[in-house]
Amino acid sequence: VELQPLTEEDMIKILKEPENSLLKQYKALLETENVNLNFTESGIIKIAQIAIRINQEVENIGARRLHTILEKTLE
């Protein structure tokens with residue numbers, strides 16, 4: 001079976017839809033430090049675009065790339 005790379009739309013859904021999405025996890029994590037983190041729609045789209053671009057340029061690790069991008073951004 002040959003899998004197709006995730007699209008920008010797929011990445012956006014992965015960021016927003018799951019009950020325990022990465023965005024919700026990081027928001028909750030930072031709330032423990034009294035930081036109120038909100039992601040705009042344009043910010044979510046940009047994160048997805050960056051993930052797609054990096055996956056095309058280096059090893060394609062799929063949605064796991066989102067975790068790397070968020071971790072480095074919020075570090």
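Leaving aside residues up to four places away in sequence, leucine 37 touches Tyr26, Lys27, Leu30 and Leu74. The model here is a predicted one. Leucine 37 itself sits in the loop that links helix H2 (22-31) and H3. Is this leucine buried or exposed? Its relative accessibility comes out at 15%, and buried means under 20%, so leucine 37 counts as buried. Arginine 53 is another story: 16 residues separate leucine 37 and arginine 53 in sequence, and their C-alpha atoms are 25 Å apart in space.

Next comes helix H4. Its buried residues are Arg65, Leu66, Ile69 and Leu70. Looking down the axis of H4, these buried residues fall within an arc of 130°, so they line one face of the helix. On the face of H4 turned away from the buried side are the exposed residues Arg64 and Lys72. And what do the buried residues of H4 pack against? They pack against helix H1 (8-16), H2 and H3.

Now for the pairing of H3 with H4. Two packed helices are described by the angle between their axes and the distance between the axes. The axes of H3 (residues 41-57) and H4 (residues 64-74) come within 9 Å and cross at roughly 115°, and the crossing is right-handed. On the H3 side, Ile47, Ala48, Ile50, Ala51, Ile54 and Asn55 meet Arg65, Leu66, Ile69 and Leu70 of H4. Sorted by class, this contact has 8 nonpolar residues, 1 polar and 1 charged.

Conventions
Residues are numbered from 1 along each chain as its sequence is written. This is a predicted model: local features need pLDDT of at least 70, side-chain atom pairs count only at pLDDT 80 or more; totals for chains, interfaces and linings use all residues. Side-chain values use heavy atoms; hydrogens and water are left out. Axes are lines fitted to C-alpha atoms, for helices over the stretch in contact, and angles run from 0 to 180 degrees between N-to-C directions. Helices (H or I, at least four residues) and strands (E, at least two) are DSSP runs, numbered from the N terminus. A crossing is left-handed if the near helix is turned anticlockwise from the far one by less than a right angle, and right-handed if clockwise. Contact means heavy atoms within 4.5 Å. Ala, Val, Leu, Ile, Met, Phe, Trp, Tyr, Cys and Pro count as nonpolar, Asp, Glu, Lys and Arg as charged, and the others, Gly among them, as polar. Buried means under 20% relative accessible area, exposed over 50%, partly exposed in between (1.4 Å probe, protein chains only). The arc is that of the directions from the helix axis to the C-beta atoms.
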